[in-house]
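Please open the model in a viewer and keep the sequence panel in view.

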Amino acid sequence: MRNGRELAPEERPLQIAAATGREVRDFELTLAFNDGSTRDIFGNAVPLFDDSGAVRGAVAVFIDITDRKLAEETLRKTEKLAVVGRLAASLSHEINNPLESVTNAMYLLQRSSSLEQVREYAAIAQEELARVSSIARQTLLFYRQSSRPTSVR
């Protein structure tokens, strides 16, 4: 099979090399067995010629790359998890900074003696909370992006 589709005999590397007299290089296939298992293989096929130059047959060499493909998929998944971890750390940092400012502003509010200072610290706290809210909204927009195609320029 190739890309989930069973290949007709004339599409198979060995048959192509024998029928056309040209090499088939770097061909990747999936072999499906009667028990439902599959193996991924990679290889090349070359034609064989007789003394007159006519194609006599072909020979192919394939290697089993199933384990390599599984390892590559595992690596991709691991890399995705690492990216999510870095994103979470970055978001935590972005949210923590304004929250620390709010905490400090609230402490100063408690210690303030004048109404003017209270208003100033309350305004700072309000700005920082708006910043946290904006970060949360942007994060949700990122997550809820449309899966439908959209036109772009």
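Predicted model: local features only at pLDDT ≥ 70, side-chain atom pairs only at ≥ 80, totals over all residues.

Begin by selecting E128, which is found in helix α3. Is E128 buried or exposed? Its relative accessibility is 14%, under the 20% limit, and therefore E128 counts as buried. Now display the surroundings of E128: leaving aside residues up to four places away in sequence, E128 touches P98, S101 and V102.

Helix α3 covers residues 115-143, and A123 lies in it. A123 is partly exposed, because its relative accessible area of 32% falls between the limits of 20% and 50%. The C-alpha atoms of A123 and A105 are separated by 9.0 Å, and the two residues are 18 residues apart along the chain.

The next stop is T66, located in helix α2, which comprises residues 66-111. With a relative accessibility of 8%, T66 counts as buried. Which residues does T66 touch, not counting those up to four places away in sequence? They are R39 and D40. Show the side chain of T66 together with the backbone of D40: a polar atom of the T66 side chain lies 2.7 Å from the backbone nitrogen of D40.

Proceed to A18, in helix α1. A18 has a relative accessible area of 30% and is partly exposed. Beyond residues up to four places away in sequence, A18 touches V55, G57 and A58. How far apart are the C-alpha atoms of A18 and R2? The separation is 20 Å, for residues 16 apart along the chain.

Two backbone angles deserve attention next. Most residues other than glycine have a negative phi. Select N3, in the segment before α1 (13-20). N3 is not a glycine, yet its phi is positive, at about 55 degrees. The relative accessibility of N3 is 79%, so N3 counts as exposed. Continue to D26, which belongs to strand β1 (residues 24-32). D26 likewise is not a glycine and has a positive phi, of about 50 degrees.

Finally, clear the selection and view the whole chain. How many helices and strands does the protein chain contain? There are 3 helices and 3 strands. Traced from the N terminus, the elements run α-β-β-β-α-α.

Along the principal axes, the C-alpha atoms fill a box of roughly 105 × 35 × 30 Å. The radius of gyration of the protein chain is 32 Å, whereas a compact globule of 153 residues would have one near 15 Å. Colour the chain by accessibility: buried residues make up 16% of the 153 residues. The chain exposes about 12100 Å², and carbon and sulfur atoms supply 54% of this area.

Two further properties complete the view. Among the contacts with a separation of 6 or more, 40% are between residues 24 or more positions apart. Colouring by charge brings out 20 positive and 21 negative side chains, and the centres of the two sets lie 6 Å apart.

How values were computed
Residues numbered from 1 in each chain as written. Heavy atoms only, no water. Helix = DSSP H or I, 4+ residues; strand = E, 2+ residues; numbered from the N terminus. Buried < 20%, exposed > 50% of the residue type's maximum accessible area, 1.4 Å probe, protein only. Polar contact = N/O pair within 3.5 Å; in protein donor to acceptor, adjacent residues only side chain to side chain. Contact = heavy atoms within 4.5 Å. Rg over C-alpha atoms; globule rule 2.2 N^0.38 Å. Areas by Shrake-Rupley, 256 points an atom, 1.4 Å probe, with all protein chains shown as cover. Lys, Arg positive; Asp, Glu negative; His and termini not counted. Charge placed at Lys NZ, Arg CZ, Asp CG, Glu CD.
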